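Hi,

Here is the structure I promised to pass on.

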Amino acid sequence: MKITKGKQTRAQRVVLYGVESVGKSTFAAKFPRPLFLDIEQGTSHLDVDRCEINTWKQLTDALTEAKATDYKTIVVDSADWAERLCVEDLLATSKKTSIEDFGFGKGWVMVAERMSRMLSSIDQLIDAGKNVVMIAHSKIVRFEAPDALAAYDRYELKLSKQSSPLLKEFADELWFLRFKTKVSTSETGKGKGIGGKERILLTTHSAAYDAKTRSGLAEELPLEWASVAHLFEAVATPKHMVGWQARLAEHEGAVNQFLIGRGVLTSEQTWRDCAPEYLERVALRVDQFVNTAIEWRAANK
């Protein structure tokens, strides 16, 4: 019996889903060295490497072949369109014209079994050190919890009820992307939505949407690469770093967000991109700098 201790660093399984036009593919393009398996063929506006996918076999073959490439992230765009290809392939191989031809619910169970095998095959990419990002659309569904007094609307993955739980279980990180809005109530009691331009990333489950994180991320983050970059960068362990560098790496998220907020960095940069003379000044007072960054992030959530 082999026993290991402590945290282990490995590639991540990430599911990004959200509302229309929030920038799911654009955000996925910021992951380290991404290759898009472009099922929707909707990445033409992005400067990325892509492989156009038109059939279920092309998708499963591409996932197998990607292991031998030097890409660091494989992006499936999107999971709900992948399920669509799965349905088309199942119908073609079974000589059926409709998913309902299999009998009540049986067709969707067969689709879910295929989707499960596809997700299991992704482990070979994780073992090879490649992050896997699954993009998905969202839908609003009516939900009635067993302990709730009334049903309510919530966002969910735009997949069948059989496949959706598989994708959520698959994910190390399940992030819901949306525009941030507030409701203003008039004197007559009528609500009006305001804002809607700021894009945010949500990491924790709520009644309104599904989300989860295994990395201790804050519940709500700006939809910027700097918010999550530290999860995917190959950061040297503290024993191989100078003391001040280890302190910055330990609080990567807060430090990056603080520097972006101060205008020192752009949203696609990290503290490692700072000018050498700036980092020299930080090194002289690193504890004070980190504490300031933590306080700034807490005040600007």
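The buried residues of α8 are Glu-252, Gly-253, Ala-254, Val-255, Asn-256, Gln-257, Phe-258, Leu-259 and Ile-260. Buried here means under 20% relative accessible area, exposed means over 50%, and partly exposed is in between (1.4 Å probe, protein chains only). Helices (H or I, at least four residues) and strands (E, at least two) are DSSP runs, numbered from the N terminus.

Before going further, some housekeeping. This is a predicted model, so to speak of local features I need pLDDT of at least 70, and side-chain atom pairs count only at pLDDT 80 or more, while totals for chains, interfaces and linings use all residues. Residues are numbered from 1 along each chain as its sequence is written, and side-chain values use heavy atoms, with hydrogens and water left out.

Back to α8: nine of its 10 residues are buried, so the helix is largely enclosed by the rest of the structure. What do those buried residues pack against? The partners are β9, α7, α9 and α10. After α8 comes Gly-263, which has a positive phi, near 80°.

Asn-256 sits in α8 and has a relative accessible area of 0%, so it is buried. A polar atom of its side chain lies 2.9 Å from the backbone nitrogen of Trp-271. Leaving aside neighbours within four places in sequence, Asn-256 is in contact (heavy atoms within 4.5 Å) with Ala-226, Thr-270 and Trp-271.

Leu-265 is in the loop between α8 and α9, and it is buried too, at 7% relative accessible area. Not counting residues up to four places away in sequence, Leu-265 touches Leu-259, Ile-260, Thr-270, Trp-271, Asp-273 and Cys-274.

**Helix α10**

Helix α10 covers residues 286–299. Its 14 residues should span 20 Å at 1.5 Å a residue, and the end C-alpha atoms are 20 Å apart, which agrees. (The expected span is 1.5 Å times one less than the number of residues.) Val-286, Phe-289, Val-290 and Ala-293 are buried in α10. They cover an arc of only 95° around the axis, which puts them on the same side of α10; the arc is that of the directions from the helix axis to the C-beta atoms. The face turned away from that buried side carries the exposed residues Gln-288, Glu-295, Ala-298 and Ala-299. And what covers the buried residues of α10? The cover includes α7 (243–250), α8 (252–261) and α9 (276–284).

Asn-131 lies in strand β5 (residues 131–143) and is buried, with a relative accessible area of 7%. The backbone nitrogen of Gln-12 is 2.9 Å from a polar atom of the Asn-131 side chain. Beyond four places in sequence, Asn-131 is in contact with Ala-11, Gln-12, Pro-32, Lys-72, Thr-73, Ile-74 and Phe-232.

Ser-116, in helix α4 (residues 106–121), is partly exposed at 29% relative accessible area. From Ser-116 to Ser-163 is 47 residues in sequence and 7.8 Å in space, C-alpha to C-alpha.

**The chain as a whole**

The protein chain has 10 helices and nine strands. Of its 301 residues, 42% count as buried. Among the contacts with a separation of 6 or more, 61% come from residues 24 or more positions apart.

No disulfides (pairs of cysteine sulfur atoms within 2.5 Å) turn up in a search of the whole structure. Of the cysteines, Cys-51 is partly exposed, with a relative accessible area of 31%, whereas Cys-274 is buried at 8%.

On confidence, the chain averages a pLDDT (the predictor's confidence in each residue, from 0 to 100) of 87, and 89% of the residues score at least 70. Residues 235–240 stay under 50, and the model has six contacts for them beyond four places in sequence. Where pLDDT is low, the predicted coordinates should not be read in detail.

Cheers

Definitions and conventions:
A polar contact is a pair of N or O atoms within 3.5 Å; within protein, one must be able to donate a hydrogen and the other to accept it, and residues adjacent in sequence count only if both atoms are side-chain atoms.
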